[in-house]
Amino acid sequence: MMIEKKLKRFSEDIVIPDNLKPDQIEKKLQHAKTGRQSRYARRFTTRLALGAACLLLVAAVGNYLLASGILNITPDPNPQHDSIPRAGSGTPAASPTQPGEETSTPEGEVYETLRQKIALDLESSGSGLTYKYENEYDLEEAVPENSKAADTAGSADSALRSSSNEYSGTNLQVQNVDEGDVVKTDGTYIYTSAADTFGSTVCIYKAEGKNTKKLTELTVDSMNISEMYIKDHFLVLVGNDWEKQPAKEKLSGAYTEHDIRLENTLVLVYDIADIKKPKQIFRKTQSGTYSNSRINGNYLYTFSVMYAVSADKKDKMERYIPSVGGSLVPEDRLIIPSDVTSSAYMVFTSLDITSGDDFSDTLSILGGDGICYASEKNIYIASPTADYTKTTISRFHYQEGKITEDGEKTFRGKILNQFSMDEYEGKLRFVATTENSGRTKTSNGLYVLDENMELLGKVDRLAKSERIYSARFMGDKAYFVTYRETDPVFLVDLSDPSKPVVKDKLKIPGFSEYLQGYGEGLMLGIGSNINKNWDTQIKLTMLDISSDTNVREIHTKLLEMETYSLAGKNHKAILADPGKNLIGFAAESYDKKGKQKITYRLYSYDRKKGFQKLATLSPKDMEMSSARGLYIGEYFYLADGEGIGGIYVYDLNTFRQLAKVTK
């Protein structure tokens, strides 16, 4: 009976669009042969041909079975079939911005191709799929660039000035490419964000040492703020809203209507010229869960991941086509790779923060969810394939708010995080771990892609049975750490990008999860050491990288047993400023009774004496993931909107507590 219903639905509903008829397909194929098209355009042309053939076959089979009487189906006297969009101009229709609103159905072959593809994917999966999490990669780290020999990255935003005060900013991977965080400062004010009962709250403090005070509390209803930015006199908030929309889920073999949360990413911009009265000037949503963002110049680039819920209703297109600013993404801004196996989209938008009243550009890629790295000119997305043995790196050029697809490369292996990728002089360098047989035998390598995303050079089959734990690119040198029982630090010379050369392999105990240049000829490593009893302790290491041919570990510092940090999980939680000679991070520790304690540790470094402890700050109820240490002028501030709910102020020279300003 189920087969009969499906055949009847296909035979009666399917209308072959003009653009999918054989003569039109032939024209498109001829155009693909003669015109210069992107990989995605060529893929889509092929998909059109295959789609047309499938549609014709299904319709022919259905009609034959009905005409021959093999299927004895009584026609519905009052049929109510959903209309199928025909190929058209591709102009997007308004998508509902509130639950219950109707969506008009634009005509377009790309929309129809996507609907049928996703419908088949969800049907074959055996459920209506409220959310289809196929990507094991952590998108919050995802995140992510090159640096010169002195490593302008890492602390790239940590030597800014406001008036006469020097202050530390967010720990960035690439200079001039800002990353969002839960705590920000402009050298005059400190901004913290935290989840609230009915939304989120942003608190703004005037940073004046012991006279620090809270000026403004801004509440945003029905929103989880993931990150924020300060750009000139604008406050930018990005995160997820709590809007609910009706959707359909397959339960016990039958479809039932009910409400589920279709998360949207929300972008809010406030004018804070009057710091006590922030004025909202922009509020827009884009489909999917917030993934990552960057600010370059005056433009905010936001990435979200949308999982298709269902595709059986042609008039409910927002369930399987992404929406941006209340409208479906136009057909010519949808990318459909031919080998995609995921029902998830990566949705890009750009926004001029200073003058935009709508998104400047949008681009959406089916199956494009993955790790994000952004150089000053290009955005790279590293997406795992269906079996997680390969990775596809896609490049998108961005400039002044415009986003264009610009090539891809698939390789066998996995990328750890955004620091595993780096663009230098137009070439992409990256390190990856390859699983050679099953999931027990591994090897590692460094690869260089040229301006056309073709392999230019490589050095691989390194550190067998180990995995990459951290990486840092500095000019024409690359450093990365693998780990099994010891911590090999590899130095690779990239002065000839077509012929990378391993210059040194230093084996030391433990492993570094984060690497950053720390002044002339030095590199800081923060990670862990594990003893024979499997006790873990935070390890600080300083490497001498002044030589072009070898790496030396010159000092280490082991914290007490059973201590952990987020060094490898969130680089923005680390303060590493060689100018001020400050190294700070939150640490989790356990006493002999198993009681947990969160503290903020501060160290300096001396080339002769090594790491010197400056202070252990122990505010009550501090959250490890959201605690941020920063300095402004002669004061050190420990801020945490989620945990302590305020700011602790210390003298930067003595670290004596001067004030506590609660939320």
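Strands in the order 3-4-5-6 make up an open sheet of 4 strands, with antiparallel pairing. At its edges lie strand 3 (183-185) and strand 6 (213-221), and each pairs on one side only. Direction ignored, neighbouring strands of this sheet are turned by 15° against each other on average. Axes here are lines fitted to C-alpha atoms, for helices over the stretch in contact, and angles run from 0 to 180 degrees between N-to-C directions. Strands (E, at least two residues) and helices (H or I, at least four) are DSSP runs, numbered from the N terminus. Two strands pair if DSSP finds at least two bridges between them.

Strand 4 (residues 189-195) and strand 5 (residues 199-206) run antiparallel and are joined by 7 bridges. Tyr191 has Ile204 in strand 5 as its bridge partner.

## Basis of the model

The model is predicted: local features need pLDDT of at least 70, side-chain atom pairs count only at pLDDT 80 or more, and totals for chains, interfaces and linings use all residues. Residues are numbered from 1 along each chain as its sequence is written, and side-chain values use heavy atoms, with hydrogens and water left out.

## Salt bridges

Side chains of opposite charge can pair when their charged atoms come close. The whole structure contains 19 salt bridges (a side-chain nitrogen of Lys or Arg within 4 Å of a carboxyl oxygen of Asp or Glu). One of them joins Asp361 to Arg333, with the closest N and O atoms 3.2 Å apart. Asp361 sits in strand 19 (residues 361-366), while Arg333 is in the loop between strand 16 (327-328) and strand 17 (334-335), so the pair ties together parts 28 residues apart in sequence. Asp361 counts as buried, at 13% relative accessibility. Buried means under 20% relative accessible area, exposed over 50%, and partly exposed in between (1.4 Å probe, protein chains only).

Glu435 and Arg467 also form a salt bridge, the closest N and O atoms being 3.0 Å apart. This pair links distant parts of the chain: Glu435 belongs to strand 25 (residues 427-437) and Arg467 to strand 28 (residues 467-474), 32 residues apart. Glu435 is buried at 14% relative accessibility. Arg467 is partly exposed, at 31% relative accessible area. A network of salt bridges links Lys414, Glu435 and Arg467. Elsewhere, Arg429 meets Asp422 in a salt bridge (2.8 Å, N to O). Both Arg429 and Asp422 are buried.

## Aromatic pairs

A pair of aromatic rings is described by the distance of the centres and the angle of the planes. Rings of Phe, Tyr and Trp (its six-membered ring) pair if their centres lie within 6.5 Å; planes under 30 degrees apart count as stacked, over 60 as edge-to-face and the rest as tilted. The structure holds 19 aromatic pairs. Among them, Phe480 and Phe490 are stacked, 4.9 Å centre to centre with 10° between the planes. Phe480 is in strand 29 (residues 477-483) and Phe490 in strand 30 (residues 486-493), 10 residues apart. Phe480 is buried at 0% relative accessibility. Phe490 is buried too, with a relative accessible area of 2%.

Phe636 and Phe655 pair edge-to-face, 5.7 Å centre to centre with 70° between the planes. Phe636 lies in strand 42 (residues 635-640) and Phe655 in the loop between strand 43 (646-651) and strand 44 (657-662), 19 residues apart. Phe636 is buried at 0% relative accessibility, and Phe655 is buried with a relative accessible area of 10%. Tyr600, Phe636, Tyr650 and Phe655 form one aromatic cluster.
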